[in-house]
Structure formats: structure tokens, C-alpha cells
Amino acid sequence: MSAWTIKLSACHHLPLEGFHPQVEALTWQLPGGADAAQVRLDGALANQDDPRRWLGAEMSISPAGGAPCWWGCLHGVEVQRGGMRWRWDLAQVVNRCAVRYRAPTPWSVEGGAAQFQTPWAEDERSQRRFGVRERVFAIGEASQDEALARRDALLAEHAAPRLQFLPALSDREDFVLLEGRGWWHTLGWRYALCAQGWLGSARREGTSLSWGHTSSVQRLAQAFTPDGDGWDCGEIWVWLVKTGAPADSVELSLCADSGGLPGAVLSAFTLPAASLSRDPALGWVRLRPSTPVHLNNRSRYWLVLKRTGALDAQNAYLARLDADGTLETSPGLLAFNGSAWQSVGAGSLLANLFGEEALTVHLARLLGQNGGGQCLRGVFVRAPSSKRVRLYRNGTRTALEEVQALLALDNLDAFVTPQRFVVLERRSAPPAVPHLMLDADGILRQQDGSPWTLSIPPVGRWAGVRISASRSVPVRLERVAWHGGVLRVQGFTVWAGES
């Protein structure tokens, strides 16, 4: 009888225990939990089914008679038969792709080019089989037609696993090798995109607009409307410099709408002229409301600029016009002439507004099935975070990259349960006496000296490292590997409270 129970959802009709499964290696790491697995079985298994059909299947590994200690999906299958050895895996599978390319434009300098990206192309059959796996390929300089043709060719090439032939292993009998990846890795299949929560322009250039210098332009007011479902405004950026040497201040107000004109002030900021630069390169000013202001979708709001002192043609202020009108909502950009608001004309105020939400709320968004968590079933937050982060994500990094960076902001851990739920929790302090000990060989042992079993994944636990006859230091286990029948610690961090 095998010492292991291997379950593979694509092989429910084949009892894998009959093919003498041998677990060659298992790893766990944080964040995530189960990381990688290698299981070798008799080569006769390949005669019973098509191994390619198993790729992407749910996979779990348990010590005989015990609960699962490792879980994830089947990433690769390797087969050796006689003098031939081959494999399939999901490493290069892409079923939603775009191409980034460079092309000359009318405004490029001689010999220069701008960067463009094609629309996405998808292979729905591959997506149903393997989940959505995205990639943006970079191909260098090309025309639009060439880029589209290359995109379609790349999609056709990568939509299915490719057969790879390898040198046969002379010291091995025929075998089938199953390679698993933990569910955490599936977050790397998609880019993290949250299109709502940003209004404004990434442009730095624009037409300068003097204000506060004459009675016809005493104040400026820009109308805008939030996108998406509405959001909490936590950052305002506005391009603003001074001319001459004004001695007063600038008041920037975020206002509600009142009949198509600025109304009640929702949040206000005072910027002394001394804090503003005359250098256009240093024109961006960042402001954060003391309390985020909730902006409702489809509602009009206003950014209003006014000076606190008297009009002065020699000592005034400059804003910039964004020719693309990225903030423009009717009636657009207005100037106050002392008695009425009047249109400034085309374009909008060069400014940006960013939405934000609580860190753990944002993590749950990115880990949800509409985000990167297409293979996950939900998120449990054990330790809500009070930190707040930007809502907008531009899709240049994968959900895995974004989530791991965000976890580090507030000392949070995440791991995937056997039922495919993600648990978010705060890293705790070590107990007074750790239940585990780490010996000089990196082997994890219980307090009585016996090796730690595989009944419970060990990452995230605290162990003691003896540094003298009377003292041990607590370390937090972050990467652990099982190989050759021994559980070894490959990565840990020392408790921050230890000196």
C-alpha cells in the first residue's frame, strides 16, 4: 500500500494508488501556502489515458490516512517510455494576448517612434480548458497591421500546451511525473486592472492659464463626474505655479454641484504662495483630504481655485489646460469675473483625482473572481487593515505582483485553504515558547526532538533556533520543503522584537 494518497480531478476513473505514487518533492511558502509538488508514478499509467488531458486539473496530496498537506493544480506532466522522454506543461500557455509595438508618429522626432498596444485577442476554447491566461508580448517596431498579424500568430502558437522532447534518464525505469503548482500561482495568469478610481491626465504639458491677475479671471472652476460605481477621493493633484512674488495663499476646494455651478464645499486646502514653485517642472501639487470624500457616480462635482488676497497682475498664479479635456464635464472649465462664471473654452484643468479604499477591501477585490482570483472561491479577512490604498490599477503588473506588494504594506499574510479560499491575516508575535525547533541542519522538529510530520503545512508558524545552551531565537517559517523523506526549512525571518 502506498504511503500517499494522490487525488487528481481529471483521473477520478483511475485509482492512482495502483500506480505506486512516490512524492519526490513538496514545497510551501508565504504568501500563498502550497507552492510546488512532484509526484512520480509507474509508467504504465500513460497507457491508461492521455496525460495532456490532465493539465490544469485540481490536485491534492495526503499522507496515507491523513488530511491533505498540499493542494493546487496540475501544471506539467512528464513521461518516459523506453528511450524516449517528453512533457507538456502550462508554462507557455496564453489564451488572451495583446502586442506592444513601436511605430513612427507625426510628432516623433526624426528616427523616433511612439509605443502602442493592439486590442486583446482571445481563444475561448483554451480559456474554458485552462482558465484565462493573459500576456502582453513586445515585438519592437512594426506597423499596426504587422502588429495585429503577429498578435494572432502568437495566440495560435500559445493557446495549447506544446509537446517538448527531452533526453531520456538512463537511471530511471518508465515513469509518469506529475508537477503541481499551488493555487496562489494562478494569480499570475492575469493582469491587475481596475479602471475606475482615476480621473485626469498623465500629461505633463499643457497651455498655461494665468488667473488671479485680472478681474476677468479671479477664480477657476472645473466640473467633473466620477467614473465606475463612485469612490472615495483620497488624493488630488493639480498643476499650479506662481508668477512674481505673491504674498497670499491659494485655496483649492472640492465642491458639490448647485444648478450647474460650484456649490457646497466638501473639502478645502490652503496653499501658501511660499510653498509653490515658479519652476514649471515642479508644478504638480499633491493634496490629501483629512477624511476621504465619497463621490457618487453620475454626479457632477467641482474643483475650484481662488486666491485669498487681492488681484495682482505682477504677482499671480498659473494653471495649465489639458487639451484632451480628460476632466471635462459640461459646463467644463469656468472663470469667475466678479459677478458671473464664464466658459474658458476648450480643454480642462490639468489635474488628477484618485479614489482609494481600505487595503484589505482592495486585496479582496484583486483576489476576487472578477480580478485575478478566477480559480479561487472567496476571501476571508481575519484582520481588517486601516491603511488605505489607491483603487486604480493600470494593468501593467499581474494580480500576483500587485497583491504581494500590497500585503507588505501592513504586515499581512495570505494563504489558500484546501477549499480554495484565501485567508488574509496579520502576522502575529511568536509564543513565549515556540512549539517547533529548527536544528542546525534546517530540519524542523517538535519539542521532544521528533521530526515534524506533514499533517499540517508548517509555513507561517514560529520555530525556535538555539543559539546558545540557554537561549533560542524565534523565527517565522516562510519557505519549507519536503524532499527525501525529510522536512527542511529553506527560508525564515527572525522576529523583529529580537535583538
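D410 is buried, with a relative accessible area of 14%. In this predicted model, the side chain of D410 meets that of R426 in a salt bridge, 3.1 Å from N to O. D410 sits in the loop between α4 and β32, and R426 in strand β33, so that the pair links parts of the chain 16 residues apart. R426 is partly exposed, at a relative accessible area of 34%.

A further salt bridge joins R427 to D413, with the closest N and O atoms 3.2 Å apart. Because R427 lies in the loop between β33 and β34 (436–438) and D413 in strand β32, this pair ties together parts that are 14 residues apart in sequence. Here R427 is partly exposed, with a relative accessible area of 34%, while D413 is buried at 6%.

R388 and E356 also form a salt bridge, their closest N and O atoms being 2.8 Å apart. R388 belongs to strand β30 and E356 to strand β28 (residues 351–358), and the two are 32 residues apart. R388 counts as partly exposed, at 33% relative accessibility, whereas E356 is buried, at 6%. The whole structure holds 31 salt bridges. Elsewhere, E78, R85, R87, D89 and E179 are linked in a network of them.

Helix α4 spans residues 399–407, and its buried residues are A399, L400, E402, V403, L406 and L407. Seen down the helix axis, these fall within an arc of 165°, so they line one face of α4. An α-helix has 3.6 residues a turn, so residues three or four places apart point the same way. The buried residues of α4 pack against helix α3 (359–367) and against several strands, including β30 (388–390), β32 (412–416) and β33 (421–426).

The nonpolar cores come next. The largest has 47 residues, of which L26, W28, W54, I61 and L178 touch the most other members. Leaving aside residues up to four places away in sequence, W54 touches L8, A10, C11, L45, D49, L74, V77, R129, V176 and L178. Another core lies apart from this one, with 36 residues, among them V238, Y317, L321 and L391.

There is also an open sheet of 6 strands, in the order β20-β19-β23-β16-β25-β26, with antiparallel pairing. Its edge strands, β20 (261–272) and β26 (341–343), each pair on one side only. Neighbouring strands are turned by 25° against each other on average, direction ignored. Strand β19 (residues 249–258) is joined to β20 by 9 bridges, the two running antiparallel. V250 stands opposite L271 in β20.

Key:
Residues are numbered from 1 along each chain as its sequence is written. This is a predicted model: local features need pLDDT of at least 70, side-chain atom pairs count only at pLDDT 80 or more; totals for chains, interfaces and linings use all residues. Side-chain values use heavy atoms; hydrogens and water are left out. A nonpolar core is a set of buried Ala, Val, Leu, Ile, Met, Phe, Trp, Tyr and Cys residues joined through side-chain atoms within 4.5 Å. Buried means under 20% relative accessible area, exposed over 50%, partly exposed in between (1.4 Å probe, protein chains only). Contact means heavy atoms within 4.5 Å. Helices (H or I, at least four residues) and strands (E, at least two) are DSSP runs, numbered from the N terminus. The arc is that of the directions from the helix axis to the C-beta atoms. Two strands pair if DSSP finds at least two bridges between them. Axes are lines fitted to C-alpha atoms, for helices over the stretch in contact, and angles run from 0 to 180 degrees between N-to-C directions. A salt bridge is a side-chain nitrogen of Lys or Arg within 4 Å of a carboxyl oxygen of Asp or Glu.
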